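Open the model in your viewer and keep the selection tool at hand. The tour goes from one selection to the next and says what is there.

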Amino acid sequence: MSSVLPFVAEQLLKDIEKSYKEASQLPDDLLIALQCIFGSCALQALDLLDHRSVTCVSSPSGRRVFRVLGGSGQLYTCFTSCHYCPCPAFSMAVLKRNSGLLCKHILAAYLCQAMGQSQQEQVSDQDMSRILAGQAASDS
Amino acid sequence: MADILEAVFKRHGCLNSQPQTGDQSVFCNRSTECSSVVVAGERGISRALLFLAAVTAAADLDLKVLFYTHTAIQKFPVPVNETMTDLKPDSLKKIKFVYRRSLEELLLDVASQHELASGAAASAPSLVLVDGLDSYLHGIGVGGGGGSGGGSGVGSGGSRKDEMSTTAHLAALLMDTSSFLTRIHEEMADSRGMERGAVIPCRVIASYHSDVEAMTADPVLGVLDRYFPTRCTLVKDAGSSGGGDEFAHEWQVYLSGTGVRHGAANELEWYLVVHANGAMEFSPITKPVAPRNPDQQMERV
């Protein structure tokens, strides 16, 4: 068990970043690799990217975090430095069953970072604290 | 590697090796991810070990320490004057004790560290200690739930699945915060023209109360192991003599997990004697050298 990505997944994200910078699209072999490593999460995460559901929130202190709008309309605060997402899939598949590396929301945040596609939002330091603590008004 | 705990074991025991104040050679790993530890064992001994870590880090290693605890510390849980004869009261000022009664308060305080640290990097802690994660996670003294969408705030009535998610949230927030504080220290080093290699990453050491029998099946401890690369397990030795002191208790201390240093087998297990006055004395368990393969011996003959 680990809260960081295995080397092969990290390398794949680096390849995606490089490839997307050069051609502004993902070649089939990288899409297949995504599917192989992350399973059904890969397509669902790409779908979240298509819907522009990922926002990188930052505050004047320099603290950053990703917020992902799920299909159900729920907003999830995801940590990528050490995997955490409050969604039910993360609890079940990653924490409880240990059958997955991460959920589609965290993968979408990783892909957004690699492809530079996330929406940007600036909040105050106090609001950032509430978001990180899971106590923002939009969480309830 | 649990370098700060290792420094504690060596400082308070038969080795009694005292580093020079601010000595950085004890920091064998300069990564936050590889140096954070969860201490699993009985509540009293875990709290005493965390307190010892706080005093050692502040006095010997010149680190700023943030110590979260659920209940106020009324008196020193460990007499430190015996092993730290040169302890100055000023050293203890580097330790900031923060009492947080509920999980929501703890989460918000940890989450707001970036507000205090940015622009005042000199005051940013290099060691964050959390005493009694179980007190927060199992809802002891917690007023109720809250923040459902954020996955936090499970009170005593929360389900096991929610408890695991809440545990993951707290652990991930601690790790993410320590990464941020490390970045603040690095930026300060850059602005002062110092090498980044001289920066001590922020570490997290948290204690979690669990019975030895329940540890293997405890899903919360399993989640903590996912985020904390090193586990320090404290097991009471039922048949111990306490080194001739009839009121003393003896413990075995095990370091395990992905964060432990390879090839350091002799530093992974320690004896701990807690004397009648509460003083803690560590000594390494030296393993006998494995006998040579008999076949190889035969070949030589």
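A salt bridge is a side-chain nitrogen of Lys or Arg within 4 Å of a carboxyl oxygen of Asp or Glu. How many salt bridges does this rule find across the interface of chain A and chain B? The count there is 1. Keep in mind throughout that this is a predicted model.

**Stop 1: the salt bridge.** Select A:R63 and B:D176 and show their side chains. They meet in a salt bridge, with 2.9 Å from N to O.

**Stop 2: the interface.** Now select chain A and chain B together. On the chain A side 33 residues are in contact with 30 residues of chain B. The area buried between the two chains is about 2800 Å², and carbon and sulfur atoms give 57% of that area. Between chain A and chain B, 13 residue pairs are in polar contact.

Which elements give two or more residues to the side of chain A that touches chain B? They are α4 (88-96) and α6 (125-132) of chain A. Select α4(A) next: the largest share of that side, 7 residues, comes from this element.

**Stop 3: an annotated span in chain A.** Select residues 76-114 of chain A. An unreviewed UniProt entry lists this span as "domain: SWIM-type". In the model, the span is 51% helix and 8% strand, and its end C-alpha atoms lie 19 Å apart.

**Stop 4: aromatic rings.** Over all chains, the structure holds 6 aromatic pairs. Go to chain B and select B:F9 and B:W270. Their ring centres are 5.1 Å apart and their planes stand at 50 degrees, so the pair is tilted. B:F9 lies in helix α1 (residues 3-11) and B:W270 in strand β8 (residues 269-274), so this pair ties together parts of chain B that are 261 residues apart in sequence.

Are B:F9 and B:W270 buried or exposed? Both are buried.

B:F282 lies in strand β9 (residues 280-284) of chain B and B:F9 in helix α1, so here the parts tied together are 273 residues apart in sequence. B:F282 counts as buried because its relative accessibility is 0%, and buried means under 20%.

**Last stop.** Return to chain A and select A:F79, A:Y84 and A:F90. These residues form one aromatic cluster.

Methods:
Residues are numbered from 1 along each chain as its sequence is written. Chains are lettered from A and ligands numbered from 1 in the order in which they are written. This is a predicted model: local features need pLDDT of at least 70, side-chain atom pairs count only at pLDDT 80 or more; totals for chains, interfaces and linings use all residues. Side-chain values use heavy atoms; hydrogens and water are left out. UniProt positions are given in the numbering used here, feature names are shortened, and annotations may be inferred rather than shown by experiment. Helices (H or I, at least four residues) and strands (E, at least two) are DSSP runs, numbered from the N terminus. Rings of Phe, Tyr and Trp (its six-membered ring) pair if their centres lie within 6.5 Å; planes under 30 degrees apart count as stacked, over 60 as edge-to-face and the rest as tilted. Buried means under 20% relative accessible area, exposed over 50%, partly exposed in between (1.4 Å probe, protein chains only). Contact means heavy atoms within 4.5 Å. Buried area is the accessible area (1.4 Å probe) that two parts lose on being put together, summed over both. A polar contact is a pair of N or O atoms within 3.5 Å; within protein, one must be able to donate a hydrogen and the other to accept it, and residues adjacent in sequence count only if both atoms are side-chain atoms.
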